[in-house]
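Subject: Handover of a structure

Dear colleague,

Please find below the structure that I am passing on to you. A short account of the findings follows it.

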Amino acid sequence: MRTAQLFWGVVLLNVAVVWALFFTVAPEPKNAILGAGQLLGLHVALLMILQLTLIARLPWLDRRIGMDRLTSWHRWTGFTLFWVVLAHPLFVLAGYATAYDSTMWRQFLNLAVMVGSLAGMIALVLVVVAAGASIRYARRRLQYETWHAVHLILYLAITLGLIHQLFELSTFTASPVATAYWWTLWTFAIGALLIGRIVLPLWRNARHRFRVAAVVPESDDVVSVHIRGRDLDKLPARAGQFFIWRFPGYARWWQANPFSLSAAPDGRSLRLTAKAVGGASAALRHIPVGSRVFAEGPYGAFTSLHRTREKTLLIAGGVGVTPIRALLEESAGDIVVLYRVHRRADAVLLPELEALARERGARVVLLSGRTGSGDPPLAPFEPANLAAEVPDVAERDVFVCGPPAMTSAVLRSLRALRVPRRQVHAERFSLAA
Ligand SMILES: Cc1cc2nc3c(=O)[nH]c(=O)nc-3n(C[C@H](O)[C@H](O)[C@H](O)COP(=O)(O)OP(=O)(O)OC[C@H]3O[C@@H](n4cnc5c(N)ncnc54)[C@H](O)[C@@H]3O)c2cc1C
């Protein structure tokens with residue numbers, strides 16, 4: 001069974017367990033509206049636990065599903081949480097108002113003086129603020145770091161949510177089984193988060209002691225940073241994966257940027273290649289050799305572990321060539337590489353790509369020019385053009401990495417050309433969209 005199906009199967013199983021516990025061991029609610037409110041509250045807890053698991057960066061999940069997909073699930077679970085978190089108190093207040101023949105406002109004032117309920121109310125406000133900052137309109141206008149800082153208040157919301165649940169003794173301690181079940185879920189989620197986000201990165205960095213070994217300009221706006229460290233042969237990194245890099249002492253400590261490995265890890269050094277698009281990526285060009293590096297990872301499912309066929313098609317767009325270059329180094333068999341750039345001068349790492357292709361008998365095709373220019377208009381990833389360039393595309397594993405618009409166009413064409421989904425692997429260089 002595929003990991004994604006297994007994962008969502010386990011989630012549904014937990015929803016079923018929560019319903020079963022609610023209808024068998026929880027005390028009878030005063031009325032149906034209150035009952036619905038309490039059931040919604042249990043779903044809030046489940047969704048929070050799911051959110052923690054999705055962002056825990058557990059290597060087992062990440063290697064199989066990929067951080068981009070996990071982050072996208074996290075985003076949609078977050079919006080579901082937002083609606084359920086709004087509905088839960090409305091039903092509870094309406095339920096109490098009906099039971100005591102009072103108003104929802106009166107019930108709100110009654111509950112607001114109780115620690116557990118107050119914790120829940122503050123958690124609700126925090127979830128609303130974080131969700132507001134995550135809608136596309138706000139997200140596009142906020143700096144990544146600002147959005148991320150706002151997003152961190154969700155940890156406080158989750159802590160308050162847990163306190164709220166602990167005070168709601170009727171559902172949490174309805175029976176020893178219910179108590180054990182909820183503690184197991186919370187312990188798993190918080191444990192996964194602590195291990196994936198704190199223990200593992202700290203342990204890896206203490207073990208490998210990464211340092212900048214060289215900074216090599218590749219073009220006017222692209223630079224490669226070579227990194228050395230201890231026991232790098234023990235680092236479980238693969239071509240196609242990425243790390244989240246920090247350069248403490250040089251850049252600000254809260255600046256952490258994801259960059260893919262642009263060469264297959266050889267056990268002695270790592271290399272990232274970054275295009276300057278903003279402050280952090282532009283500053284890499286000036287980073288002193290010897291600087292300390294804090295690297296979280298390796299992350300990502302964009303690796304040859306997921307290959308299903310003998311033949312491979314690698315498609316790179318712009319600086320999306322970085323993981324493609326690393327994958328080519330690691331791949332064998334019949335390989336075609338399509339490298340899409342606006343101008344030939346933008347084709348960074350092209351000489352390396354061509355040298356690797358010669359060694360491996362691979363074919364590299366450079367596709368330059370502006371999409372839509374010329375007559376007929378240039379559209380290299382239209383289904384007919386893609387099929388003309390690579391007639392046996394449906395028999396290949398396809399790895400595509402490039403700007404989101406290009407990646408989407410390629411994925412659409414692959415669907416039109418009936419390339420089976422399991423053969424298609426994409427990295428979008430975007431975790432927060
Ligand atoms: C999995 C992955 C792999 C990547 N690999 C490469 C690579 O090999 N080479 C390369 O040139 N670029 C790569 N990128 C893109 C690179 O991370 C961004 O260009 C870089 O972080 C921009 O940071 P900045 O501060 O210079 O620019 P900003 O102007 O601050 O950021 C520009 C945009 O980059 C994104 N971004 C910034 N910081 C982060 C962060 N910490 N996490 C997620 N997204 C962020 C945001 O969408 C932001 O709007 C990759 C991105 C991802 C998600």
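Which of the 21 residues around the ligand come nearest? They are Ala256, Asn257, Pro258, Lys275 and Ser281, where a residue is near if one of its heavy atoms lies within 4 Å of the molecule.

Please note that this is a predicted model, in which local features need pLDDT of at least 70 and side-chain atom pairs count only at pLDDT 80 or more, while totals for chains, interfaces and linings use all residues. Residues are numbered from 1 along each chain as its sequence is written, and side-chain values use heavy atoms, leaving out hydrogens and water.

The shell around the ligand draws at least two residues from each of strand S4 (257–260), strand S5 (269–275) and helix H12 (279–283); S4 gives the largest share, four residues. Helices (H or I, at least four residues) and strands (E, at least two) are DSSP runs, numbered from the N terminus. Because domain 2 (209–299) and domain 3 (304–427) both give residues to this shell, the ligand lies between them; the domain bounds come from an automatic or database domain assignment.

Polar contacts are pairs of N or O atoms within 3.5 Å. An oxygen atom of the ligand lies 2.7 Å from a polar backbone atom of Lys275, and one is 3.1 Å from a polar backbone atom of Ser260. Thr322 places a polar side-chain atom 2.8 Å from an oxygen atom of the ligand.

With kind regards

Key. Polar contact = N/O pair within 3.5 Å; in protein donor to acceptor, adjacent residues only side chain to side chain.
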